[in-house]
Structures are given as structure tokens and as C-alpha cells.
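Thanks for coming, everyone. I have one chain to walk through today. Please put it up on the screen.

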Amino acid sequence: MVWICIFGIIVSGAIAGGLLINEAIQLDSSPIKTDTNSTLLYVFGSVSLFLTVLFTILICGLRSQIAIAIEVVKEASKAVLDMPTLLIFPFYPFVFVIGFFGFWIYAALIMWTCGDFVPKDAPQELVDHVAETGYDGYDFDEYVIFHRYKDAENLLVLHFFFMLWVVQFIVYVSYTILAGVFAQWYFTRSNDTVDRFGEKDLSGCSEMCKSSAKTIVSHLGTVAFGGTDHCNN
């Protein structure tokens, strides 16, 4: 199916480019002038053919990697069939990310509103305007403005990078947990010793719990460092 899709993309790009160039040739040779710009058709057709050729060259160069990726997806699909509860696993990091974003926005609002109300002398023009409105008994010698702390503004920059790091940390913890589950599945013998891909004696929930515990106990430092390195890049 993957190779069929790739072949379809190549054929579609070639056909689109050929049709555009053919249409441009017909417009140039036709005695009837139209508003259609044949030059643009030549350009779009040539670009389509160029990108198609470039895509074909890349696919030819990466065909072995694509074949490996297809085999990996096949193995992953077998693991999901043996442990269907893996399908609900992405819900858990999603909940953590949503909860963190709520906390992050709340903390960002607090930082943004850190400051003091500073009194300022009212401009004479404003005082005169207030007097003209009829508020003679109103004392309007000064007003206040909100002055935000400079340190709080600088802290918002760190707060932003903290958000990036935490999101990457949650994502890579999820990757590590899933890697442990799939590794356990892959190296577990099936009930049928002849056919390794028979039904496995594994429970998706129990394997996720075991992998989560192993990740938390042994791999959080590695994941945290990886999240930091990913944010820096």
C-alpha cells in the first residue's frame, strides 16, 4: 500500500506537469487569444515535473529505509493487535499536557501582573478638562499607572522555555514507556513456539504499568536531559 501511494504521487505529479505544459503549448499555438497566461502554465508545469523527478530520486535513494519503516509498522500493528489497550495510551500524556498548559497559563498571568501602582502628577490639560466637566469638588491632582516589574518580564522568557522543556519531557517519557512495552512484546515468546508471531501471553495494561515504573525509576534523568537537548536544538 505504501509503495502504491508513492507510485501514485509520482504518476500524478508527472501527469499534472505534462498537462500544464501541453496546455501552455496549445495556448501559444492557438490563433485565439485568451486571458490565460501561458508563461505561468510553463512555470507551474516545469516546477511540477522538477519536483516529481526530485521526489523520485529521493525515493530511490531511501528505498531501503522505507522498506525498514514498513516492516517496523507491520511489527507495531501486530503488537497493537496483541495489546489493544495501547490504543488508549496517548490519552494519558494528553491529559498531562492539558493540565500543564492550564498551570502554565495561570503562572504566566501571575508573572505578567507582577508590579505596583505608581502615582503620577496629572497633566494640567487633564485637570482643566475634568474641571470643565463640572466636577469642581473632585480633587484630581494625580493619577496612578501600573508599573510591571522588569524581573517578572525577564522571568517570562524562562517560563516560555520551561513550557517547551516540560512538553518535550512528557512526550519523551511517553516514547520511553512505549519503547519498553514494544521491547517486552517483541522478545516475549508466543504460546506457539514455532510461530513467534502467534498470540502473546501479555496484557497491555500490565506491560504499560511495568514499563512506566521502569521509566520513572531508571530513565527520568536521561529523558530530562534529552528534552533539554531537544529544546536547545
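The chain holds eight helices and two strands. These are DSSP runs numbered from the N terminus: H or I of at least four residues for helices, E of at least two for strands. In sequence order the pattern reads α-α-α-α-β-α-β-α-α-α.

A word on the source. This is a predicted model, where local features need pLDDT of at least 70, side-chain atom pairs count only at pLDDT 80 or more, and totals for chains, interfaces and linings use all residues. Residues are numbered from 1 along each chain as its sequence is written, and side-chain values use heavy atoms, with hydrogens and water left out.

Now the overall numbers. The chain has 233 residues, and 24% of them count as buried. Buried means under 20% relative accessible area, exposed means over 50%, and partly exposed lies in between, with a 1.4 Å probe and protein chains only. The accessible surface is about 16,500 Å², by the Shrake-Rupley method with a 1.4 Å probe. Carbon and sulfur atoms account for 69% of that surface. Next, contacts, meaning heavy atoms within 4.5 Å. Take those between residues at least 6 apart in sequence: 74% of them join residues at least 24 apart.

On to the helices. Helix α2 covers residues 38–61, which is 24 residues. From first C-alpha to last it reaches 35 Å, close to the expected 34 Å. The expected span is 1.5 Å times one less than the number of residues. Which residues of α2 are buried? Ser38, Leu41, Gly45, Ser48, Thr52 and Ile59. Their cover includes α1 (2–29) and α3 (63–82).

Helix α3 has 20 residues. Its end C-alpha atoms are 29 Å apart, which agrees with the 28 Å it should span. Ile66, Ile70, Glu75 and Ala79 are buried here. Note the Glu in that list. The cover on α3 includes α1, α2 and α6.

Further along, Ser211 sits in helix α7, residues 204–218. Is Ser211 buried or exposed? Buried, because its relative accessibility is 7%. Leaving aside residues up to four places away in sequence, Ser211 touches Thr176, Ile177, Gly180 and Val181.

Next, aromatics. A pair of rings is described by the distance of the centres and the angle of the planes. Rings of Phe, Tyr and Trp (its six-membered ring) pair if their centres lie within 6.5 Å; planes under 30 degrees apart are stacked, over 60 edge-to-face, the rest tilted. The count comes to seven aromatic pairs. In one of them, Phe91 and Tyr92 have ring centres 6.0 Å apart and planes at 70°, so this pair is edge-to-face. Phe91 is exposed at 52%, and Tyr92 is partly exposed at 42%. Tyr172 and Tyr175 are also edge-to-face, because their planes stand at 90°, with centres 5.4 Å apart. These two tyrosines are three residues apart in helix α6 (residues 150–186), so about one helical turn separates them. Tyr172 is partly exposed, at 29%.

Ring pairs also link Phe100, Phe101, Phe103 and Phe162 into a cluster. And Arg148 lies over the face of Trp112, 3.8 Å from the ring centre. The rule there: NZ of Lys or CZ of Arg within 6 Å of the ring centre and within 35 degrees of the ring normal.

Last, cysteines. How many disulfides are in the whole structure? Zero, where a disulfide is a pair of cysteine sulfur atoms within 2.5 Å. Cys5 is partly exposed at 43%, and Cys60 is partly exposed at 42%.
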